[in-house]
Amino acid sequence: MAPPARPVWTGQIRLALVALPVKLYSALDSKEKISFNQIHEPSKQRIRYEKVAPGIGAVDKDEIVKGYEYQKGRYVLFSDEEFEALKVDSKKTLDMIQFAPAETIDPIYFDKPYYALPDGKLADEPYRVVCEALKRTKTVGLGQITMRGRSYVAAVKPYEDGLIVETVHYAEELRSAKAFFDEIPSGKLDADLISLAEELITRKKAKFDPSKFEDEYAIAIERLVKKKIERHGELVLEDQEMPAADYGDNVVSLVDALKKSLQKKSPKASDDEDEAKPAPKRRAAAERTKAPRAKAPAKSAAKRAKK
């Protein structure tokens with residue numbers, strides 16, 4: 001079965017004298033996200049952008065080249081042929097020149113993941129060998145890769161039944177954390193507070209399950225778009241949700257907040273108790289059904305009346 005996407009890079013991963021032909025596919029999927037266009041409201045026409053030069057106006061794509069500003073208003077120009085002529089040894093080869101223990105690489109350095117698939121049947125065996133070796137040694141292969149005209153540090157990692165390649169930020173690309181965290185006060189913390197926080201964390205500790213999280217903003221946007229279409233473009237103002245009862249002005253201190261959280265039913269409670277009490281989401285839904293929705297402000301009602 002063919003992968004459900006086009007490869008973004010074709011080349012080889014090299015381990016010493018072992019060359020592993022692969023194709024890289026983006027692991028990120030953004031096609032399901034709603035995107036918007038800019039529209040001229042009076043005419044309802046979409047805004048188009050033209051490439052223009054001062055004093056000349058719109059220019060053809062063929063007349064545009066890359067330029068580097070070495071002084072204010074002065075540029076040196078480069079042609080596509082000059083960039084193509086640059087000889088980069090790693091252009092189609094990701095040469096793993098170093099292997100680091102996986103836990104020694106700070107996650108902040110990782111950027112974009114790509115699925116790496118063997119390119120051709122002859123690549124299957126060396127692909128599986130490299131994958132298994134990385135798993136057993138618990139290491140990440142590091143090298144450089146050239147994609148879309150740029151050179152990246154790349155990490156080759158085993159993932160599920162195959163390999164992934166993740167681009168890695170260069171050290172100079174990252175801002176120093178010290179510049180941001182330097183103003184955070186230091187000093188001795190209350191041991192009881194730490195213990196309470198540790199207990200709360202331990203109770204909620206579980207294996208990461210991404211399916212438990214949803215992009216709430218994207219869902220709200222989809223709902224808004226649907227309503228807008230159904231109402232033929234009229235103004236749609238979402239009703240505001242009531243604040244959760246466990247938060248707000250009732251929480252007067254960190255100690256009270258932690259204790260209140262710990263007083264909630266432990267996840268180790270019996271299944272009978274779970275069946276007797278509805279799940280939080282269901283209970284919230286039931287309360288919303290029973291209780292009438294808060295009326296919109298008079299100003300909003302007046303606006304709707306005008307329509």
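Which residue lies over the face of F110?

**View 1. A lysine over an aromatic ring in a predicted model.** K157 lies over the face of F110, 4.1 Å from the ring centre. A charge counts as over a ring if NZ of Lys or CZ of Arg is within 6 Å of the ring centre and within 35 degrees of the ring normal. This is a predicted model, in which local features need pLDDT of at least 70 and side-chain atom pairs count only at pLDDT 80 or more, while totals for chains, interfaces and linings use all residues. Residues are numbered from 1 along each chain as its sequence is written, and side-chain values use heavy atoms, with hydrogens and water left out.

View 2. Strands β7 (residues 66-71) and β8 (residues 74-78) run antiparallel and are joined by five bridges; strands pair if DSSP finds at least two bridges between them. Y68 stands opposite V76 in β8. Two residues separate the strands of this hairpin, and G73 in the turn has a positive phi of about 80°.

**View 3. The whole chain and its confidence.** The protein chain has nine helices and 14 strands, which are DSSP runs (helices H or I, at least four residues; strands E, at least two) numbered from the N terminus. The mean pLDDT (the predictor's confidence in each residue, from 0 to 100) is 79 for the protein chain. Confidence is highest in strand β14 (residues 162-168), at a mean of 96, and lowest in helix α8 (residues 280-290), at 41.

**View 4. Residues 269-307.** Over residues 269-307 pLDDT stays under 50, and the model has nine contacts beyond four places in sequence for them; a contact means heavy atoms within 4.5 Å.
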